[in-house]
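Keep the model open as you read.

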Amino acid sequence: MMFMIEKFPTKEHLKKKQDYKDIPMAGKITNAGSSLLNKTGSWRAFRPIHDKAKCINCMICYSFCPEEAIIVEDGKVVGVNLDYCKGCGICAKECPVKAFSMKEESEFGKE
Ligand code: SF4
Ligand code: SF4
């Protein structure tokens, strides 16, 4: 397997000031060209919710999304690929009409 989670940071890790050597190793990508195998959606703590009624299909979110997770069909945003969306919130931050909102992933349970 090319992607490994060795240990997740805990609340204890976040309480005190640390440098990079104190933070536990999270993921490693050891093979180039393997991005489709690494479903970064499993890291997500927040989920973007798209409101089609507000969306003006300007494609700013599509341009900014670092995971190319915005799904576009016939020139319109129709959703988000949750296999690869890592919940960074850039789409919500950049959208000029606030058509994306971020919800805590825990609100959705195990889907
Ligand atoms: S940035 Fe906002 S308005 Fe523009 S396409 Fe994305 S969701 Fe729609
Ligand atoms: S939250 Fe981040 S990764 Fe997910 S769709 Fe928005 S910009 Fe892309």
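A nonpolar core here means a set of buried Ala, Val, Leu, Ile, Met, Phe, Trp, Tyr and Cys residues joined through C-beta atoms within 7 Å. Buried, in turn, means that 20 or more other C-beta atoms lie within 10 Å of a residue's own; with 12 or fewer the residue is exposed, in between it is partly exposed, and the C-beta atoms are placed from the backbone. By that rule, the largest nonpolar core has 11 residues: Cys61, Cys65, Ala69, Ile70, Val77, Val80, Cys85, Cys91, Cys95, Ala99 and Phe100.

Before going on, a word on what you're looking at. This is a predicted model, in which local features need pLDDT of at least 70 and side-chain atom pairs count only at pLDDT 80 or more, while totals for chains, interfaces and linings use all residues. Residues are numbered from 1 along each chain as its sequence is written, and chains are lettered from A and ligands numbered from 1 in the order in which they are written.

Now the overall layout. The chain has 3 helices and 6 strands; these are DSSP runs numbered from the N terminus, with helices being H or I of at least four residues and strands being E of at least two. Reading from the N terminus, the order is β-α-β-β-α-β-β-α-β. Of the chain's 111 residues, 14% count as buried. Contacts are pairs whose C-beta atoms, placed from the backbone, lie within 7 Å. Among contacts with a separation of 6 or more, 62% join residues 24 or more positions apart.

Cys61 counts as buried because 25 other C-beta atoms lie within 10 Å. Leaving out residues up to four places away in sequence, Cys61 touches Ile70, Val77, Cys91, Glu94, Cys95 and Phe100. Glu94 is 33 residues from Cys61 in sequence, yet their C-alpha atoms are 6.5 Å apart.

Ligand 1 is surrounded by 13 residues, the closest being Cys55, Cys58, Cys61, Cys95 and Ala99; a residue counts as near if its C-beta atom, placed from the backbone, lies within 6 Å of the molecule. That shell divides into 11 nonpolar, 2 polar and no charged residues. Here Ala, Val, Leu, Ile, Met, Phe, Trp, Tyr, Cys and Pro are nonpolar, Asp, Glu, Lys and Arg are charged, and the others, Gly among them, are polar. Around ligand 2 there are 14 residues, with Cys65, Cys85, Cys88, Ile90 and Cys91 coming nearest. Its shell has 10 nonpolar, 2 polar and 2 charged residues.

Last stop: the hairpin. Strands S4 (residues 70-73) and S5 (residues 76-80) pair in the antiparallel sense over 4 bridges, where pairing takes at least two DSSP bridges. The turn has 2 residues between the strands, and Asp74 there has a positive phi of about 50°. Across the pair, Val72 stands opposite Val77 and Ile71 opposite Gly79. Ile71 is partly exposed, with 15 other C-beta atoms within 10 Å.

Technical notes
Two residues are in contact if their C-beta atoms, placed from the backbone, lie within 7 Å.
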